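Me: I would like to go through this protein with you, one question at a time. Let us begin with the whole chain and then turn to some local details.

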Amino acid sequence: MISRNKLIGLKNIVFKCANLQSNERLLLISDKSTYKLMLELKKIARNLTKKITTHNLNNIFIHGNEPPKVTAKAMFNSDVIICLTTMSLAHTEARQKATNRGARYLSLPQYSEKIFRSKSLNVNFDRFKKKANKIKKILDKNNRITVITENGTLMNLDIRDRKANVAPGICFKPGMIASPPDAEVNIAVNEFKSNGIIVVDGSVTCGEIGKLNKPIYLIVKNGIIRNIFGTKSLILKKIFRKQKSLKAKIIGEFGIGLNPKAKVCGIMLIDEGALGTIHFGVGSNSTIGGKNKIPFHLDHVVKKPTIIVNNKIIMKNGKIKV
């Protein structure tokens, strides 16, 4: 029997976050580890629509890998896509083509029973839109971001001619992408103009690392991570080496979490959306408005930052000021 909290989570995903309508074509994508969860979502969705297609993938090995052509075609021909694959397809051309056509896309990588039961999923995502839009307007009309933390982060990011993306956890119009319980605003930074040091004290959103008890330090010069040291740095270096490209080390994304019920715990979609945190996405940013195209994307979560956009403080020690 499904618990009350889990049932709330399942219904929120289908009816509120995806905003599924009775006449729409729904595509559910899963893999071996999420197949049962997909079937539970399918059961909920059947109360609204019979136009449901399912794809079960087991050949996606890292965030950003493209799906098989048959799945990409199904994505393009769907109105709503709920993707439960362990590795994210959000930073793929297949997803971008589908949402450009108007599909609403829920990106739910590394989903589990724990997330469906989490308080972070039982929130009114709609109320994050106003705050997200305020932050977007500020980012859109300015050209630089400075990030400072008491732990030692000092980063300068160039966002000239880039537009921010509102991702409050729900798809409220065609072409939107959401990743509840993650609720955020993000922007693709200019690829070769970031400089400074990032003290990653929240998490690195992959299974090999997860939540951090001690920081990892990233030294960034001209947009590229040039050195890594600290706890679990050897693991992170190995991950980057496997990509065999400097493009995998480019600081591509800057994101700001908005969900007050999300707490850093080592689960990607909870950590990225946690209010009071930011994340630096390393690798691909071409699907969010950038120019770095590579089948790899890895987020690094930082707690309690101060964010200065041009000369305006929009967050101080993790508290939003707009």
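**From the whole chain to single residues**

Me: Among the contacts in the protein chain with a separation of 6 or more, what percentage do residues 24 or more positions apart account for?
Reply: A word on the basis: this is a predicted model, in which local features need pLDDT of at least 70 and side-chain atom pairs count only at pLDDT 80 or more, while totals for chains, interfaces and linings use all residues. Residues are numbered from 1 along each chain as its sequence is written, and side-chain values use heavy atoms, with hydrogens and water left out. Taking a contact as heavy atoms within 4.5 Å, the part that comes from residues 24 or more positions apart is 69%.

Me: The protein chain is as compact as a globular protein of its length; what is its radius of gyration?
Reply: The chain holds eight helices and 20 strands, which are DSSP runs (H or I, at least four residues; E, at least two) numbered from the N terminus. For 322 residues the globule rule gives 20 Å, the rule being 2.2 Å times the number of residues to the power 0.38, with the radius taken over C-alpha atoms. The chain is close to that value and so is as compact as a globular protein of that length, with a radius of gyration of 18 Å.

Me: How much of the protein chain counts as buried?
Reply: Buried means under 20% relative accessible area, exposed over 50%, and partly exposed in between (1.4 Å probe, protein chains only). Of the 322 residues, the buried part is 57%.

Me: Which elements do the buried residues of H4 pack against?
Reply: In H4 (residues 93-101), the buried residues are Ala94, Arg95, Ala98 and Thr99. They fall within an arc of 120° seen down the axis, so they line one face of the helix; the arc is that of the directions from the helix axis to the C-beta atoms. The face turned away from this buried side carries the exposed Lys97 and Asn100. The partners of the buried residues are helix H3 (69-76), strand E3 (80-83), strand E4 (104-107) and strand E8 (177-178).

Me: Leaving aside neighbours within four places in sequence, which residues is Ile251 in contact with?
Reply: Ile251 is found in strand E15 (residues 251-257). Its relative accessible area is 0%, so it is buried. Beyond the sequence neighbours within four places, Ile251 touches Leu157, Val189, Glu191, Ser194, Ile198, Val220, Gly223, Ile225, Phe280, Gly281 and Val282.

Me: Is Lys232 buried, partly exposed or exposed?
Reply: Lys232 sits in the loop between strand E14 (224-230) and helix H7 (233-243). Its phi is positive, about 60°, although it is not a glycine. With 33% relative accessibility, Lys232 counts as partly exposed.

Me: What is the relative accessible area of Asn317?
Reply: Asn317 is in the loop between strand E19 (312-316) and strand E20 (319-320). Its phi is near 50°, a positive value in a residue other than glycine. Asn317 is partly exposed, and its relative accessible area is 37%.
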